[in-house]
Amino acid sequence: MSCCPPKSHSFLDNSEYQCKGTIEKVDDLEMYVSGSGEKCVIWNYDIFGFDGGRTRQNVDLLASQGFMVILPDYYRGFFITPTDPGLVDHIKNYPYSKLEPDVNRVLNFARSRGAKVFGSVGTCWGSYLVIKLSALPDFKAGISMHPSHPKMMMLLEESEEDAYKQVNCKQLFMSAGNDHENLFPGGLGEKVLGDKLTIEEFPDMVHGWAMRADLSDAKNRRDVDRAVNLYLEFFKNNM
């Protein structure tokens, strides 16, 4: 089982982008940090890791709107593709119990830089962390873009329903046409989260579009722009 549905977008080389942030390090955890302020967003990457697709570009874009944004490298420089035979073992190697010490490093770092209120974004694999972080008291908003947490929690033998019950802040799901049924209206997320959850559907997109779709395609450009506008508005309204 893959975290990504069939026909999802593959790796995107965005190495020509000129990053505006800096690499910081706490113990052995590297973080890409952009922007400053009391409002801090933790950006949780997809399965392609620290340098994948347009992740850092989106971190910088969000930071330009008055947020401190932190992208932690949970994988320590590693990444994996959705078709790799070791993918399931890779996912099982990152339950929240293992990630939590890194979360604490990130939050302590952010607070040392003046952060007082938090939000989180996750794409693909990263939506698992959005759900977990959204149970913490200082978090005010969580955004999951083409999320994979239903499959992640299944592989980790965790209850998705119980995880939703722990969420204490507003959530936004941006679901591609081929994402898991739990992420759509009438799905498990809506049934448990109720009015905490807003769902925005992207029926013309496939999983991974926001970070990895080819922007020379007009529909991809349209929906990437829509996603950016949605996450900026959601954080400004809820943090």
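The entries below follow the order in which I looked things up.

**Entry one, the whole chain.** I noted before anything else that this is a predicted model. I counted the elements of the protein chain and found nine helices and eight strands. I then looked up the radius of gyration, which is 16 Å and close to the 18 Å that the globule rule gives for 239 residues, so I wrote down that the protein chain is as compact as a globular protein of that length. Along the principal axes, I found that the C-alpha atoms fill a box of roughly 40 × 40 × 35 Å.

For the accessible surface I noted a total of about 10200 Å², with 47% of it belonging to carbon and sulfur atoms. Turning to contacts between residues at least 6 apart in sequence, I saw that 75% of them join residues at least 24 apart.

I found 26 positive and 33 negative side chains in the protein chain, and I noted that the centres of the two sets lie 3 Å apart.

I followed strand S1, residues 22-26, to strand S2, residues 29-34, and found that the two run antiparallel and are joined by five bridges. In this pairing I saw valine 26 of the chain standing opposite leucine 29 in S2. S1 and S2 form a hairpin with two residues between them, and I recorded that aspartate 27, which lies in the turn, has a positive phi of about 55°.

Conventions. Residues numbered from 1 in each chain as written. Predicted model: local features only at pLDDT ≥ 70, side-chain atom pairs only at ≥ 80, totals over all residues. Heavy atoms only, no water. Helix = DSSP H or I, 4+ residues; strand = E, 2+ residues; numbered from the N terminus. Rg over C-alpha atoms; globule rule 2.2 N^0.38 Å. Contact = heavy atoms within 4.5 Å. Areas by Shrake-Rupley, 256 points an atom, 1.4 Å probe, with all protein chains shown as cover. Lys, Arg positive; Asp, Glu negative; His and termini not counted. Charge placed at Lys NZ, Arg CZ, Asp CG, Glu CD. Pairing = 2+ DSSP bridges.
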